[in-house]
Amino acid sequence: MSGFEGSYLGASDRISPQAIMECKICWTPYDPAEGDDFRQVMPGTAFSDLPDDWSCPNCSAPKAQFMVLEDPGANALRDAAVVRAATDRLVADFTEIWHAKMRDVPLVNKALRVEAVGFRRLDGRIVGVLVAPWFMNLILLPDGDDWSGLRPGEKEVVAFPSGDYEFLHNVRELTGGYKACSLFSPMGEFTRQTDATDVARAAMTALFDPAHRDGTDRAADIRAAREAELAPVDPETATDPNAAPVFDEAPSRRAVITGGLAVGEGAA
Ligand code: FE
């Protein structure tokens, strides 16, 4: 079975949804943008989503005998695999801490679980937000470098488009070295996991938005925005039944991004 190097052979995890494939017997291409008229496959159908019994419209060679002609999504696919491997270790580490040490600690939020949100590769690092039942942190992981020699507790100021953030170094068994910047702790104000992950995603957006830059402590600003967002929901202050839509999520999400972050916006 050798001699057909590069054949797909069913390895759908190695090609992206954008991959253009080619029959290695008759060179007929399959382009997901076009689909396959012959078998009424709709345009936009990824090669890996074709039925297993799909075959070459020209020579009937089986699907496994196609090879990659061009894959515009290959880099994104590789990025996703690198990020997934790193965040899987991070989530495993903190899930273990959750079960072994934190479950019965006061102030933990049992409605939440450990989840990596919005992680991406950036300039030789992997950056994202880790949500846990007892904290929400910005996290930096190494992308190829060895951070196992980091000294736990050491501080480092890291620049992002929105400003400078102070990170603490730490080392864990599975994760190895990582850097963390606290956004929230404890997590009592989040009622659901999606509530926390929405805020984590908004924080990632704000992190990369230069419009938010003003040279102050960005983590504190994100916290302040969240507190401002929560204020109207406080039953002690929400006394007017005709008051503005307290549970309208769109404005509160926007508040996280712009409310407390663009400090100079209203004042300027
Ligand atoms: Fe063919």
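**Sheet and iron site**

In this predicted model, an open sheet of 3 strands runs in the order S2-S1-S3 with antiparallel pairing, where strands are DSSP runs (E, at least two residues) numbered from the N terminus and two strands pair if DSSP finds at least two bridges between them. The edge strands are S2 and S3, each of which pairs on one side only. Between S1 and S3 the antiparallel pairing extends over 4 bridges, and Glu22 has Met67 in S3 as its bridge partner.

The iron ion is coordinated at 2.3 Å by the SG atoms of Cys23, Cys26, Cys56 and Cys59, donors being N, O and S atoms within 2.8 Å of the metal (3.2 Å for Na, K and Ca), with water not among the atoms, so sites may look incomplete. The donor residues follow the spacing C-x2-C-x29-C-x2-C in sequence. Because Cys23 lies in strand S1 (residues 20–23) and Cys56 in the loop between strand S2 (29–30) and strand S3 (66–70), the pair ties together parts that are 33 residues apart in sequence. The 4 donor atoms subtend angles of 102 to 115° around the iron ion, which makes the arrangement tetrahedral (four donors, all angles between 85 and 135 degrees). Cys23 is buried, with a relative accessible area of 0%, and Cys56 is likewise buried at 0%, buried meaning under 20% relative accessible area with a 1.4 Å probe and protein chains only.

Residues are numbered from 1 along each chain as its sequence is written, and side-chain values use heavy atoms, leaving out hydrogens and water. Local features need pLDDT of at least 70 and side-chain atom pairs count only at pLDDT 80 or more, whereas totals for chains, interfaces and linings use all residues.

Key: Tetrahedral: all angles 85-135°; square planar, octahedral: opposite > 155°, others 65-115°. Buried < 20%, exposed > 50% of the residue type's maximum accessible area, 1.4 Å probe, protein only.
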